Structure formats: C-alpha cells, structure tokens
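Please read the following note with the sequence and the model side by side. Each numbered point takes up one part of the structure and defines its terms where they are first needed.

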Amino acid sequence: MSAQGFGASVRRKEDRRFLLGKGQYTDDITLPHQSYAVFVRSPHAHANLGAIDAAKAKAVPGVLAVLTGADVAAAGLGGIPCGWAVKSKDGSSMVEPPHPALAQGAVRHVGDPVAMVIADSKTAARAAAALVDVDYQVQPVAASITAATAADAPLVWPDAKGNVCFDWHLGDPASTDAAFAKAKHVVEIELTNSRVAPNAMEPRAAIGHYDAANDHTTLYTTSQNPHLIRLLMGAFTLKVPEHKLRVVAPDVGGGFGSKIYHYAEELLVAWASRVVGRPVKWTSDRMEAFVSDAHGRDHISKAQLALDANGKFLGLRVATLANIGAYLSTFAPAIPTYLYATLLSGPYDFPAIYAEVKAIFTHTVAVDAYRGAGRPEATYLLERLVDKAARQLGIDRIELRRKNLIRTDQFPYQTQVALAYDIGNYQATLDMALASIDHAGYDKRKQATEAKGKLRGFGISTYIEACGIAPSALVGALGARAGLYEAATVRVHPTGSVSVFTGTHSHGQGHETTFAQIISEKLGVPVENVEVVHGDTDRIPFGMGTYGSRSAAVGGSAIVKAIDKIVEKGKKIAAHLLEASAADVEFVDGKYRVVGTDRAKAFGEVAFAAYVPHNYPIETVEPGLEENAFYDPKNFTFPGGTHLVEVEVDPETGVVEIAEVAIADDVGVVINPMIVDGQAHGGLAQGIGQALLEEAVYDADGQLVNGSYLNYVMPRAADLPFFKVGNHVTACTHNPLGIKGVGETGAIGVPPAVINAVIDALAPLGVTDISMPATPEKVWRAIQAAKKGA
Amino acid sequence: MKDFQFHRPSSVAEAVALLKARPDAKLLSGGQSLIPVLKLDLAEPSDLISLAGIGELRDIRVDGDRIVIGALVTHDAVHRSPEVQQHIPALATLAGTIGDAQVRNRGTLGGSVAHADPAADYPAALLALGATIATDRRKIAADDFFTGLFETALERDEVVVAVHFPIPKRAAYAKFSHRASKYALVGVMVVDTGHNVRVAVTGAGPKVFRHANIEGILERDFAVDALAAASTPPDELNGDLEASAEYRAHLITVMARRAVQACL
C-alpha cells in the first residue's frame with residue numbers, strides 16, 4: 001500500500017538516538033537523591049550460612065543500610081516465583097523449591113546474593129560490601145549434570161531425590177518401540193549441548209523508587225516484559241496492587257532471553273527504596289552478570305533413530321538430562337520440555353517419537369531460555385543424528401534429508417510430539433540454500449583449501465522451530481501460569497499522525513520501525529508520523545513482552561486488529577462526510593472512497609472529524625479515533641529452513657575457520673528485509689559462537705572458571721564471514737499478517753551445520769565426533785586420537 | 001577503584017625521586033594493564049606517577065647497528081615507524097598484533113616491558129633480539145631482565161628509559177592468540193642475528209623464555225623442515241581452560257616453523 005509498507009527496508013527510526021549516544025538505558029537514569037546498591041554474592045557453590053556480621057560495613061561513611069535474607073523474611077517479601085509448572089510422568093508435580101530474594105540458611109551457587117549494601121555512592125557501597133563478614137560453612141557440590149546424577153551426589157534440595165526436578169515425557173512409547181522393532185537400521189548418538197552465558201551488551205540494571213507521599217513504587221529495569229514483572233511483583237514478591245506499581249523498561253541493550261525473568265535484584269531495589277527512603281540503583285558489572293544472569297542450554301542426550309531399508313525415518317527415541325541450575329527461573333521448566341521435545345520431529349515426517357526429559361538441579365546459576373530456547377537443543381540433536389545416519393548408511397546427507405522432509409502436500413502436518421505445522425516448503429529452502437552457497441562448486445573450493453594444506457568440510461542443517469508463542473489456553477493446559485496473547489492500542493491523533501502502544505518490548509529488534517511500517521501499510525500514514533511506545537506499564541496496555549520471536553507475529557497481529565477497528569469506525573465517519581452509506585465506502589491507499597466514484601476523504605480528514613465532531617454522526621458513533629485490541633494466537637508459527645556452512649580446518653593447530661555460511665529461511669511474510677536479515681545475522685553470530693567459541697565452564701567445585709571476557713570467548717566480527725541470507729516465503733495461515741518470526745532462526749539452525757561441517761572436514765582422518773564448542777585444542781586432539789587409532 | 005594521589009613529573013629524575021619518596025607508588029605508562037587492575041581493586045597503589053609528561057621518552061632513532069626506542073613510544077608508533085619497518089620489520093609486525101587498536105594507541109613499550117606479563121608480545125622480541133633495557137641508572141641485558149611471573153630485574157624505584165634493539169639479519173614473530181583475550185597463547189620470535197640464532201617463547205610458560213632446543217636445531221639448519229625434530233617438555237608450560245600444556249608445547253613447534261618460514 002505504501003513505499004514504507006511491507007517489503008521496504010526502511011532505515012531504523014530508533015537508530016538516530018542510538019548512533020548519537022542518546023539512548024536512555026536504565027543506568028543512564030539518575031533520580032534525585034539516588035543511592036546505590038551493591039550485592040554481596042556467595043563465592044561458594046554450596047554452603048550453609050552462619051552469622052552475617054555487617055558492623056564494619058555499616059561503619060563505612062555513606063552507607064545507608066545493609067540488608068540480608070533475615071530482613072527480606074521479616075519484611076514478608078515473597079520468594080521469586082516460577083511461571084511454568086511441569087508434571088512428571090507419574091503425574092506428580094515438579095519439585096519447586098523456595099527462592100528467597102536474598103539467601104536464607106544456605107547458598108546454592110556462586111553468585112547467589114547474600115546481602116545488599118546501599119550507600120550514597122557506588123564506591124562506598126563497594127567498599128562496604130567487601131567488609132560484610134559472612135560465615136560460610138562450605139558443603140559438598142554437584143556442579144554438573146554428571147556430578148548431580150551420580151550415586152550419592154550431594155543434594156541441591158532435600159526434596160529433590162537424585163537432584164531430579166521433574167521426570168517428564170512426550171510421545172508414544174509403544175508405537176515407537178514398534179517402529180524400532182521393524183527397523184532395518186538403528187543409529188545412535190550421545191551428545192552434549194554446551195552451556196552458554198547470554199552476555200547481552202547491556203548488563204542488567206534496576207532502579208527502585210518508592211514515593212511515600214503517594215504510596216507508589218516505580219521500578220526501572222532491564223526487562224523484555226515489564227508487565228510480566230509488574231504482575232509477578234504485584235502478586236507474589238513485592239505484594240503491592242498493580243495500580244501502585246509502575247514498571248519501566250526503557251531502552252534495553254539486548255536480552256536474548258536473559259531479561260525475561262523476574263530477578264531478585266529488581267525486587268530488592270524496589271523494596272530497599274522503601275527501607276532507605278531514597279531511590280536505589282543497581283547496575284550489574286560484567287563479571288557479576290556471568291554468575292547472576294540465567295544461562296542457556298546445558299543438556300546431555302542419548303538418541304536413537306530407526307530407519308527402513310530405504311533410509312525412511314521410522315521412529316525416534318530421545319532421553320535428555322537438562323541442567324536447570326540451583327533455582328527455578330521464571331520459564332525454566334518449559335524450555336527443556338514444551339519448547340524442546342515438541343520440536344524433535346524437526347522438518348521430517350516421523351511416524352513415531354518418544355522423548356524423556358529429566359531436569360536436574362545443580363549448584364550453578366539458573367538455566368532458562370536463551371535465544372532459541374529448547375529449539376536449538378532439539379535441532380542440534382536431530383541434525384547431528386541425521387548426519388550420523390547418512391554416514392552410517394552410506395547415503396548422501398542431502399538426499400537422506402530430502403527423503404524424509406515433510407512434503408508440501410502433507411500440510412497441515414500433525415507431528416507425533418503435539419505440534420501441528422500449518423505450512424512450509426522445506427524442499428524450496430533446501431534448494432535455495434544449496435544454490436546460494438554454490439554447492440555444485442564445492443569440490444573446486446575443497447581442492448583450493450587442500451592446496452593451502454588445510455581441510456574443508458561441508459555442513460548442513462534442515463531445521464524447524466516453533467514461535468509466535470502462544471495460544472493461551474494451550475499453554476495453560478501445558479502448565480504456563482500466564483496467558484501469552486499480546487495487546488495493542490492504536491491512537492490516531494486529530495491531524496492523522498499515529499501513536500502505537502504495544503505490549504511487546506524492543507531491545508534491539510527494531511519494533512519502532514517495523515510496527516510503524518504496519519501502520520504505514522495498513523493506513524497509508526508515513527512512518528515518520530508514527531510513534532511506537534513500549535516498555536512502560538503506565539503507558540502501554542497489558543501485554544506479555546518480547547521473546548520466542550513473537551513480537552511481529554503476535555504483537556503485530558494485535559496492532560492489525562486495532563487498525564481494523566479504526567478502519568471500520570473511519571468508514572462510518574467518512575460515510576457521513578461523503579453522504580453515502582458506510583457499506584458503499586471503501587478504504588484504499590489511505591483514502592475513504594465511495595466505491596466506483598472519485599468522491600473521497602483522506603484518512604487525516606476523517607481523523608480530524610473524529611476529534612472535532614461538528615459535522616459528525618454523533619448519535620451512532622463516538623468521537624475520537626483510538627482502538628485497543630488483544631490478540632491470542634490460534635497456533636504456534638513454524639519458521640524453518642536450511643543452513644549450510646563450509647569450514648576450513650588447519651590440521652596443525654586445530655583452528656576452524658568459517659569459510660561460507662548460506663542460509664535460506666522461511667520466516668513468513670517479511671515487513672522489513674533489512675531488519676529480518678539483521679536478525680538472521682545476529683542469530684548466526686550467536687549460533688556460531690556456541691558451535692565454535694563460547695562455553696560457560698564450571699569446575700567440580702562449582703566455580704565458573706571463565707566468567708570474564710579474558711577467557712569467555714565471545715564471537716567477534718573477525719570470527720565470522722559475510723553471510724548469504726535468503727528467504728522463501730510461505731505465509732503463516734493463521735495470523736492476519738502471515739508472519740512467522742525471525743528472532744531466533746540463526747541461533748537454532750546453524751550450530752549443527754557448523755559441527756557437521758567440522759566433522760565432515762575431519763572424517764577422512766577418521767574423526768566421527770566433535771562436541772561444542774569445537775575449540776582448536778579439541779579439534780587438534782581429535783585429529784591426534786584419530787591418527788593413533790588409524 | 002580506590003583513591004590515589006596523581007603525579008605528572010616532567011623528567012625521569014623527578015619520576016625517580018617521586019618513586020623513592022612513596023614506597024607504594026606505581027608508574028603509569030599507558031595504563032592498558034594497570035588501569036583494569038585498579039578498576040578490579042586488584043592493586044591499591046597510594047600514588048600513580050604518570051610518565052606521560054616526559055617528552056624525551058618518545059623517540060625512535062637508529063644508532064649504528066641498533067634501533068633505540070623510547071619507553072613511552074606506543075605500540076602503534078612502533079608498528080608504523082619507518083625506521084623499525086625498514087630495519088626490524090618483525091618488530092613492527094609484532095607491535096601491530098598487540099591487543100587491539102585502542103590498546104596499541106595507548107600502551108607503551110616501557111610499560112609492557114616493566115609489567116612483564118607472561119603472555120605479552122614485546123618480551124619475546126626483546127629476548128630473541130638480544131635487546132638491552134636502558135634505565136635511569138644502568139643497562140640490563142634482556143637475558144637478565146625477565147626474572148619471573150610479572151617480575152623483572154628492575155629495582156622498585158627504577159624507571160625504564162629506552163630499549164636498544166640490535167638489528168638482526170632476519171627475524172619473524174608468529175603468534176597463536178588466546179581467542180578471548182587475544183594475548184599470546186604461544187608467541188615465538190625467531191631471530192637470526194647473523195652470528196647465532198635466538199628463539200624466545202612468550203605466553204606458554206610462567207615467563208618468557210629462550211628455547212635452547214629450537215635454537216640448536218636452527219643453528220645447524222635454518223629450515224622449516226629441520227623443526228620436525230623440535231620438542232618442548234610440557235612440564236613447565238602453562239595449562240588452562242584454553243590450552244593444555246601439551247597443546248602449548250605442540251603450538252611452540254608450529255609457531256616456530258611459521259616464524260622460520262616467514263624469515264625465508
């Protein structure tokens with residue numbers, strides 16, 4: 001409809017303030033009389049807490065208060081709640097341990113907050129925090145899945161026998177056993193999905209401000225979903241009514257899942273502001289972020305694939321142990337279950353699947369959603385297994401996939417693990433990616449690599465994900481303790497400019513641009529005349545925020561519903577102005593027109609009439625032009641595609657370089673191609689980061705041994721090639737925009753393509769397995785071991 | 001970061017006097033290691049004595065068969081110096097691999113040498129080139145200078161003024177960087193002085209060291225293939241999450257080969 005509508009790479013409106021350094025992040029906000037909080041955190045992974053002596057800390061000039069778990073208990077603050085309940089196979093509820101905001105009685109991971117020091121200055125607070133004397137009685141530690149599931153492992157929680165939080169399953173064991181019984185081939189794999197730390201560019205921060213005169217609390221916090229935080233604080237932790245609590249998530253510098261959750265620190269600054277009578281600010285430093293932000297992934301899995309004589313998949317069995325950390329973070333139980341096992345059919349036609357998942361408590365910081373959240377784990381397992389099957393059966397890897405991809409005539413496709421895919425074209429994205437990477441020219445590139453003394457490998461991953469979360473009734477039945485609809489208000493101003501109030505939150509995604517483009521597409525209003533407002537519970541309707549690639553598919557659909565109401569109301573106003581019947585008025589190209597005539601009113605004229613209703617159908621139409629809508633999705637959306645990678649391996653050093661990345665995604669209808677490509681780029685960087693570089697490593701004592709940028713390897717531009725990114729669109733069938741979502745595709749699809757490429761490069765030497773991250777030493781050792789074995 | 005007194009002397013003598021008077025003072029010379037240490041409260045000096053005001057320490061000059069580089073010359077200035085590029089191109093190249101652009105714009109030769117980080121690049125160059133460290137009071141051979149982990153032969157109140165680098169016949173530096181910190185996991189400087197071969201290794205051990213085994217091999221036959229016989233006992237090498245001692249030992253040979261290749 002307009003040059004700035006769908007398909008236009010409109011430059012990001014929000015970038016002006018970011019490029020000028022004028023973004024307003026939480027740490028940029030300074031309130032009058034603000035004080036500063038610093039947390040005393042446990043240096044031990046497991047210890048009983050004896051006395052906490054704060055006398056020396058309180059004597060530091062400028063210190064206002066030192067608060068501990070005893071103060072939290074005395075104040076009646078609620079524990080940090082979990083937002084998703086999972087039941088075990090036997091019907092029993094998951095073990096849901098208490099999670100006090102400051103440790104009470106014991107600490108259970110390095111970084112567990114023990115005391116909060118509040119002072120006039122951050123310097124004084126830091127100095128005082130170093131003087132808080134805590135009596136830690138160190139206890140035995142289980143810091144990994146392996147340690148926590150060993151016989152006689154130390155228990156993180158006495159109620160969780162064997163450290164099992166829940167023992168859950170999905171699929172049909174009987175039909176799966178039957179499928180394996182008739183299989184010609186069975187291929188097995190054991191693998192880990194490595195643990196990563198999220199590392200948003202902006203560390204978490206929060207400012208609590210209690211206004212005693214009005215008995216009102218304002219919290220500024222680095223959140224992906226301010227209304228969810230207000231809901232949890234109002235109902236469970238701070239325990240104040242919602243109308244007395246405002247949560248503002250201003251500019252937020254990345255989240256990747258880690259800023260979804262309700263964290264203790266944001267509750268504590270809000271409460272502490274009441275205690276000290278001043279605003280209280282806390283800003284995490286990077287090393288603190290490593291031990292207090294929820295981590296991602298961390299699975300150990302065994303899987304078996306059953307195939308017939310022709311290579312057709314007959315069945316899949318998966319048994320996964322998922323590290324869930326010491327405490328249950330907000331959505332932690334959902335990640336290795338409903339966002340993981342439900343994806344194990346991938347893009348393939350599987351007659352039978354059975355998956356078992358045990359969530360394991362360990363003495364580590366919580367594990368929750370991280371970009372992709374369950375879906376990367378499912379994709380990694382499946383795509384490594386399919387590659388292994390191809391090698392074992394001597395079938396070309398691409399052909400084996402082609403044989404088993406769901407055909408376009410099979411949609412809608414009901415999987416054996418609950419999901420029903422509405423639409424896709426996996427053959428088209430496979431072909432597109434192969435053409436993009438010039439797979440036909442691979443042998444020539446391989447020869448050139450070998451002429452340099454290196455090895456070249458080709459890796460493939462055909463993947464699917466589920467996003468656009470989610471139908472509220474469905475997730476409610478699966479244990480969610482919240483709805484997952486989205487909300488929007490579209491306010492047309494008297495002169496025809498528009499403000500959009502969305503319940504989603506933009507922390508890098510570019511909603512201020514793409515949501516303005518929805519308005520431009522539907523109402524013909526230029527994006528410059530549209531302001532998108534998000535992140536402030538006093539301004540926006542109650543919405544569920546941004547994660548799971550849901551904002552355009554769900555939040556955008558809510559905006560469309562509100563726009564539809566605006567258009568309909570405008571028809572009645574225009575009909576009055578045009579002296580026609582509303583049934584004869586159509587809205588086209590930003591104008592209301594009597595069908596078949598040139599009699600028309602511009603959208604702005606109608607808006608003006610709505611606010612200056614002198615000549616107006618006042619008996620039947622209210623003045624004003626503003627509409628609210630809530631949209632509850634009918635199904636998940638199912639983006640998918642093919643990710644291809646070529647690597648070069650230096651056999652002397654084990655260094656892996658990514659030579660080529662070509663992807664073809666189907667993310668549904670694209671609003672802004674530049675932003676969609678950018679989302680793919682960012683996801684690929686994080687996916688390649690996990691495959692080659694990043695890993696959060698705890699030692700046996702529960703110390704995070706690489707909790708700083710001196711040794712935690714973040715991906716950098718120089719580690720990555722130029723990406724070839726393509727889209728083949730099949731429009732989502734059940735939302736009004738046809739959008740599926742793009743935020744996580746890169747992080748989901750690419751890790752197995754990278755590892756499959758590394759294994760392919762090393763296969764001639766006899767290497768059959770490499771775990772993530774494929775570090776130089778790991779690759780070098782695999783080569784040495786293969787040489788010895790040969 | 002704790003409070004400290006800040007000084008900006010205008011001469012070396014003044015800096016030495018300040019150091020003598022303040023036993024808990026530290027010299028600031030670029031600050032690319034010291035400032036992060038202060039920010040993490042890992043050191044709490046009473047005084048910081050900045051050398052930035054001492055102009056005479058910023059010269060690079062050719063003096064007969066050697067290049068003399070002032071202690072305050074930044075890594076970037078060494079990297080871009082026409083004199084260094086002409087006479088010891090390996091040194092210019094090495095300086096261009098230190099840290100990142102911001103570090104190279106602020107960090108200095110004297111600061112790096114006096115700090116003696118076991119994974120810093122310059123110590124390998126000094127040791128392999130047989131450089132001499134000139135201080136306010138004496139000259140110290142590189143072989144005698146680096147005494148341990150962050151330890152040197154400098155007295156507490158001694159100030160590095162310049163480093164004298166003999167111009168070699170040929171030299172090259174090959175580095176395998178830590179993927180996160182970009183420090184040398186293993187850095188090998190190979191120098192053919194014209195009279196003998198000197199090989200220094202940084203990053204792999206508790207301090208920079210000369211590699212007698214590789215020097216011996218290259219003295220006999222300065223060729224890549226000769227290094228097939230090279231070996232490094234891993235016992236005294238560093239091992240950590242990024243690289244075990246065995247892997248570092250292997251990388252020493254690989255980097256030595258690449259350095260020799262670059263010399264030829």
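**Note on the two-chain model**

1. In strand 20 of chain A, A:Phe501 is the bridge partner of A:Thr489. Strands such as this one (E, at least two residues) and helices (H or I, at least four) are DSSP runs, numbered from the N terminus. The model is predicted, and local features need pLDDT of at least 70, side-chain atom pairs count only at pLDDT 80 or more, while totals for chains, interfaces and linings use all residues. Residues are numbered from 1 along each chain as its sequence is written, and chains are lettered from A and ligands numbered from 1 in the order in which they are written.

2. Two strands pair if DSSP finds at least two bridges between them. These strands are part of an open sheet of four strands in chain A, in the order 21-20-19-25 and with mixed pairing. Strand 21 (530-533) and strand 25 (626-631) of chain A have a single partner strand each, so one side of each has no neighbour in the sheet. On average, neighbouring strands of this sheet are turned by 15 degrees against each other, direction ignored.

3. Helix 15 (residues 511-523) of chain A lies across strand 20 and strand 21 of chain A, and runs at about 130 degrees to strand 21 of chain A. For such angles, axes are lines fitted to C-alpha atoms, for helices over the stretch in contact, and the angles run from 0 to 180 degrees between N-to-C directions. Two residues are in contact if their C-beta atoms, placed from the backbone, lie within 7 Å.

4. How many of the residues of strand 26 of chain A are buried? In strand 26 (residues 640-649) of chain A, ten of ten residues are buried. A residue is buried if 20 or more other C-beta atoms lie within 10 Å of its own, exposed if 12 or fewer, and partly exposed in between, with C-beta atoms placed from the backbone. In a regular strand the side chains alternate between the two faces of the sheet. A:Gly640, A:Thr642, A:Leu644, A:Glu646 and A:Glu648 point one way from strand 26 of chain A, and A:Gly641, A:His643, A:Val645, A:Val647 and A:Val649 point the other way.

5. Strand 26 of chain A has an antiparallel pairing over ten bridges with strand 18 (residues 455-464) of chain A, in which A:His643 is the bridge partner of A:Ser461. Strand 26 of chain A also pairs in the antiparallel sense with strand 27 (residues 656-666) of chain A, over ten bridges; here A:Asp665 is the bridge partner of A:Gly641. Strand 26 and strand 27 of chain A form a hairpin with six residues between them, and A:Gly654 in the turn has a positive phi of about 85 degrees.

6. A nonpolar core is a set of buried Ala, Val, Leu, Ile, Met, Phe, Trp, Tyr and Cys residues joined through C-beta atoms within 7 Å. The largest one has 337 residues, of which A:Ala37, A:Val117, A:Val758 and B:Val190 touch the most other members. Helix 16 (residues 551-578) of chain A supplies the largest share of this core, 13 residues. Leaving aside neighbours within four places in sequence, the contacts of A:Ala37 include A:Val117, A:Ala125 and A:Trp282.

7. A:Ala125 is one of the buried residues of helix 4 (residues 122-129) of chain A. The buried residues of helix 4 of chain A pack against strand 1 (35-41), helix 2 (55-58), strand 3 (63-68) and strand 5 (113-119) of chain A.

8. In chain B, three strands form an open sheet in the order 1-3-2, with parallel pairing. Strand 1 (5-7) and strand 2 (25-28) of chain B stand at its edges. Strand 1 of chain B pairs with strand 3 (residues 47-50) of chain B over three bridges, and B:Gln5 stands opposite B:Asp47. Helix 1 (residues 12-21) of chain B packs on the sheet and touches strand 1, strand 2 and strand 3 of chain B.

9. The contact between the chains takes 13 residues from chain A and eleven residues from chain B. On the side of chain B, helix 11 (residues 245-263) gives the most, with three residues.
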